[in-house]
Amino acid sequence: MIFLTQLLLLKSMAMASKLLMRVGSIRDAKIAPNPNPLLNATRRLFAHHPISAPPHSPPSSPPDNGKTTHDKSQPTSSLKDLELAKFSAIADSWWDSEGPFKPLHAMNPTRLAFIRSTLCRHFRKDPHVSRPFEGLKIVDVGCGGGILSEPLARMGATVTGIDALEKNINIARLHAGLDPVTSTIDYRCTTAESLVKEQKMFDAVIALEVIEHVADPAEFCKSLSALTHPGGATVISTINRSMRSYATAIVAAEYLLHWLPKGTHQWSSFLTPEELVLILQRAFINVKEMAGFVYNPLTGRWSLSDDISVNFIAFGTKVANRDH
């Protein structure tokens, strides 16, 4: 089985390479010099890895032509209409650990380890106690069925979970109601933009595997920043736009191994770590720490790594004074 998995991954790399070589590489975007050492370090890291242009017809979701209309029950969202439709179709499977969201269930302990470590360090909390987030208000943006919101609540946080899909929120509420601890989660069918209009603010804002599905990542990050108290924390995870991510996250995961439904991701919508750092910086959030997620086929588990070539997560803090 392990040999088969490795063979499939090698095959996916070869397929991706052939497709990407059809159009070559696009030139790196020119970014003005910046004194931020993390940004410069990230820039140096990717200086030797030029970004390849997406193939003309990648095995990815079809382009959003903007003709799809929102369901009247859904709030105005930064998510593309096509993305909402895709997730609506599989919403009933959120708590099926062997279903379409199996990769997120498998990755969840590793994501939580990073969140626990960074937030405890930032807010001077003891990471070894059972409820280290006691006293913190956290919003889970794009909460889906609540697979991240629930463990955050169990760690003591006052959690608000928001999602643009009513189906997701209904499932999240139903599952959370099974446990008195998680039943306190405030689930709302709304968007980050709507919460900003309500002038809501939180100690920590978390958006995992969401930004690659929004229409305008820069505006989305501005909304996340507006929801974050000055000096508060923002955590974002996504997929790097690299040749390796095309081979593994799309060709292998969607078309060979069938870990995800076909069309779940569009390679052109991925962000490089450098791009995410710059977007967040412009939204007054300084990235302090970044890590990658790597999968071990021998154990079937994910772990944190310095390898950010595919899946990665970033922790940042909002500047205390916007004028600075």
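**Entry 1: overview.** I began with the secondary structure, and the protein comes to ten helices and eight strands; these are DSSP runs numbered from the N terminus, H or I over at least four residues for helices and E over at least two for strands. I note that this is a predicted model, where local features need pLDDT of at least 70, side-chain atom pairs count only at pLDDT 80 or more, and totals for chains, interfaces and linings use all residues. Residues are numbered from 1 along each chain as its sequence is written, and side-chain values use heavy atoms, with hydrogens and water left out.

I then looked up burial: 52% of the 324 residues count as buried (under 20% relative accessible area with a 1.4 Å probe, protein chains only). The protein exposes about 15,600 Å², and carbon and sulfur atoms supply 56% of that area (Shrake-Rupley method, 1.4 Å probe). Among contacts (heavy atoms within 4.5 Å) with a separation of 6 or more, 71% come from residues 24 or more positions apart.

**Entry 2: helix α6.** Which residues of α6 are buried? In this helix, residues 166-176, I found Asn168, Ile169, Ile171, Ala172 and Ala176. They sit on the same side of α6 because they cover an arc of only 165 degrees around the axis, taken from the directions from the helix axis to the C-beta atoms. Their packing partners are α5 (149-154), β2 (158-163) and β3 (186-189).

**Entry 3: Arg111.** I found Arg111 in helix α4, residues 102-122. Is Arg111 buried or exposed? Its relative accessibility is 3%, so Arg111 counts as buried. The side chains of Arg111 and Asn108 are joined by a polar contact of 2.7 Å (a pair of N or O atoms within 3.5 Å, one able to donate a hydrogen and the other to accept it; residues adjacent in sequence count only if both atoms are side-chain atoms). Leaving out residues up to four places away in sequence, Arg111 touches Leu104, Ile147, Leu148, Leu208, Glu209 and Phe293.

**Entry 4: helix α9 and onward.** I checked the span of α9, residues 243-256: its end C-alpha atoms are only 17 Å apart, while a straight helix of 14 residues would span 20 Å at 1.5 Å a residue (1.5 Å times one less than the number of residues). The buried residues of α9 include Tyr246, Ile250, Val251 and Glu254. After α9 comes His258, with a positive phi near 60 degrees.

Ser269 lies in the loop between α9 and α10 (273-282). With 14% relative accessibility, Ser269 counts as buried. Ser269 and Glu212 are 57 residues apart in sequence, yet 5.4 Å apart in space, C-alpha to C-alpha.

How values were computed
Buried < 20%, exposed > 50% of the residue type's maximum accessible area, 1.4 Å probe, protein only.
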